[in-house]
Amino acid sequence: MAAEFVLTFAEGILTKVSSLAAQELALAWGLKAELEKLGESVSSIQDFLRCAADQRPDDQGKEVEKWVKKLKQVAEDADDILDDFNYELLRRKVELHSHMKRKVLNFLSASNPLWFRVKMAHKIKKINDSLAVLKSQAAFINLVAKKGDPRQRPDRVQTVPFFEDGEKVVGREDAVTKIVTTLISSDNQQKNLSVMAIVGMAGLGKTTLAKSVYNEPAIDKHFPKRIWVCVSNTFEVDTILSLMVESLTKKAGMKSRDALLQDLREEITGKRYVLVLDDVWNEEREKWEDLMSCLSKLNSNPGSCIIVTTRSTNVSTIAETLPRPELRKLSEEDCWSIIKQRALNLDENGFIDAELERIGKAIADKCGGVPLVAKVLGGLLRSKARKVAEWLSIRDNRLWELPEGEDRIMKLWMAQGLLQTSSVENHHEMELTGEVYFNILLNNSLFQEVIVGGSITKYTMHDLVHDLAEKVSESERLTQELNDDVRHVARSPPSTLENMSKVTAGRLRSLFSNDRVPKMIFSKFKAMRVLSLDTANIEELPNSFGKLKHLRYLDLSKTRIRALPKSIGKLYNLQTLRMQNCGLFKLPREMQNLINLRHLYVDQKIEFPAGMFRGLTNLRTLSCFNVGEEMGCRIEELGGLNQLKGMLTIRNLGNVRDEAEAKKAKLEEKKNVVELSLVFSATRRTSNTNDEKISFMDDESPFASQQIEEARPSSL
């Protein structure tokens with residue numbers, strides 16, 4: 001798993017290298033060649049990393065594990081260096097825009113281009129040297145360069161259509177009956193080739209259900225030919241045809257497509273068949289249509305069927321022609337039956353101690369109706385003998401909730417550099433990439449919706465998914481002992497932070513704290529990307545806070561902070577800033593320098609400094625805007641924020657003098673705002689005493705029917 005993560009990280013580095021190498025400043029400072037060499041080095045090392053990623057964990061060995069760990073460290077260093085370069089570009093852009101030209105520059109300051117160029121060139125060379133060493137070591141640990149898609153999933157262990165001796169299927173009798181009835185019904189016999197999709201989360205029993213149907217006597221009698229193909233990772237039509245031939249003839253070997261189709265025709269012509277395609281991931285309609293075109297040439301009898309098992313609803317939408325069977329979660333009793341058989345080798349009538357049975361049924365309830373979880377827990381309980389304390393430890397595990405919600409999770413991914421975008425497809429929108437990733441996880445049941453009253457209230461992940469996430473990240477999370485490998489810290493006591501070494505603190509990339517945070521620790525954070533102090537016991541931020549130049553995500557909600565330091569204006573990389581339900585009433589003027597800020601969440605009472613939004617043209621989210629009377633605070637400040645999305649609330653509209661001023665907000669140009677709330681204050685300027693309704697948008701505006709929340713004076 002570590003190798004896959006580093007591959008994703010490397011993609012981000014290549015994107016940064018390409019972008020920075022194209023900057024005029026890189027050419028002017030003579031860094032273009034060094035950056036291009038870094039890109040070549042990273043691209044080259046990726047080929048060896050793919051080889052490491054393809055190896056199963058048991059086969060990798062300690063040497064490969066150590067190699068990947070070293071590479072990850074070098075990749076992080078490269079990311080930080082590129083971020084330093086990009087930060088310098090942003091700083092110069094802000095200073096140029098603000099006309100902050102210094103008359104005298106310290107020769108050794110960060111503002112001196114010669115000193116900065118020498119320092120950057122040295123750091124990039126060091127990274128290139130480290131990558132060269134790792135590349136030379138790869139051959140000694142049996143890693144070979146491998147081209148290909150780094151995001152490709154490893155192949156699943158091949159499934160077979162028959163059950164193991166003693167294996168029992170629990171709780172699927174009704175589903176099997178309904179599927180069999182549909183497949184052999186007279187209505188289906190009029191169709192040349194039908195497709196039924198069995199869809200569900202991992203471990204819900206899709207393959208088991210398909211096996212049960214495949215082995216039903218009625219299916220065996222109705223379909224003279226039964227074929228089972230485990231598709232898994234690679235959906236290649238010729239490979240599927242070859243596996244079909246192998247299933248029917250027991251003869252292996254790839255042939256041309258014409259030869260494969262001829263072999264299949266010899267077996268299937270004039271006969272009805274059922275084909276199970278297990279574990280399908282392909283979401284490309286063209287590939288599916290290519291397969292169906294081939295199968296249509298086999299001259300089979302009407303009534304032939306394909307059963308597809310998949311985690312993806314997108315796959316089923318492309319393929320299915322028959323009603324989708326409902327694959328329900330198992331009942332508590334069914335899960336308990338599986339656990340009891342696995343843990344104690346007992347059937348339904350077997351004797352078990354009453355206390356163990358009570359605990360066991362509670363564990364069964366925690367399975368969430370997922371048979372694979374019941375099997376795994378049953379196997380785990382087998383090793384616990386019949387000890388009550390051991391069973392209790394399993395019972396007290398829980399389903400893990402994701403209270404942050406889809407929106408916040410995506411912003412955390414974005415802050416960690418995990419959302420790479422396509423300038424062609426996504427128009428540089430990291431948020432859109434995040435939505436795609438989240439939906440992939442949701443569609444494949446790694447996340448699950450919790451629906452109350454018809455609305456999604458939160459998302460959850462099952463224990464097994466959470467345990468996997470913990471396993472993947474165990475070397476980077478602070479669990480018991482502090483060490484230099486830790487990258488993410490959550491809910492640790494202040495004493496832990498105080499005792500953190502400069503090296504460890506300097507490598508941290510995220511900190512979540514709801515306790516007191518020592519002021520001195522902020523100056524040690526050299527690589528911090530995410531800092532969440534939601535509900536933390538903190539009243540002020542030190543001026544050194546502005547040194548967190550890598551920071552992308554900052555949450556100060558529900559704290560007692562009453563003022564932000566002016567140095568916050570130096571956080572040029574900041575993307576998301578949350579400051580809700582805290583003591584803040586006014587923001588510093590330096591906020592206008594946060595030119596990469598994309599999401600700003602503030603309370604309705606907040607007072608914005610004059611002209612702040614003129615520098616924040618990247619804003620996608622603005623929780624509310626309070627119209628002021630002074631220059632730089634009027635509604636026209638919204639005019640340049642045309643990338644706003646979602647909901648926008650504009651308050652204190654009583655301060656808008658006339659229609660001409662209202663038009664300056666250019667609301668009709670904000671095409672991605674889907675909900676607009678206009679709130680008038682209880683007072684307004686006395687100079688406007690007519691009874692006309694001020695128009696904020698053109699008649700053809702997308703908000704012509706917006707809802708106005710008005711606590712307006714009668715003069716309006």
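This is a predicted model: local features need pLDDT of at least 70, side-chain atom pairs count only at pLDDT 80 or more; totals for chains, interfaces and linings use all residues.
Biologist: Which side chain does the side chain of threonine 309 join in a polar contact?

Modeller: Let's start from the strand: threonine 309 is placed in S4, which covers residues 304–310. Its side chain reaches the backbone nitrogen of aspartate 279 at 2.7 Å. The side-chain partner, in a polar contact of 2.5 Å, is aspartate 278.

Biologist: Nice. Now to H10: what span does this helix reach from its first C-alpha to its last?

Modeller: H10 runs over residues 257–268 and has twelve residues. At 1.5 Å a residue, 16 Å is expected, and the helix comes close to that, with a reach of 16 Å.

Biologist: Within what arc do the buried residues of H10 fall, seen down its axis?

Modeller: The buried residues in H10 are Leu260, Leu261, Asp263, Leu264 and Ile268. They line one face of the helix, because seen down the axis they fall within an arc of 160°.

Biologist: And which exposed residues does the face turned away from the buried side of H10 carry?

Modeller: Good one to finish on! The buried residues of H10 pack against strands S2 (225–232) and S3 (273–280) and helices H9 (237–249) and H11 (285–295). On the face turned away from that buried side, the exposed residues are Asp258 and Glu266.

How values were computed. Residues are numbered from 1 along each chain as its sequence is written. Side-chain values use heavy atoms; hydrogens and water are left out. Helices (H or I, at least four residues) and strands (E, at least two) are DSSP runs, numbered from the N terminus. A polar contact is a pair of N or O atoms within 3.5 Å; within protein, one must be able to donate a hydrogen and the other to accept it, and residues adjacent in sequence count only if both atoms are side-chain atoms. The expected span of a helix is 1.5 Å times one less than its number of residues. Buried means under 20% relative accessible area, exposed over 50%, partly exposed in between (1.4 Å probe, protein chains only). The arc is that of the directions from the helix axis to the C-beta atoms. Contact means heavy atoms within 4.5 Å.
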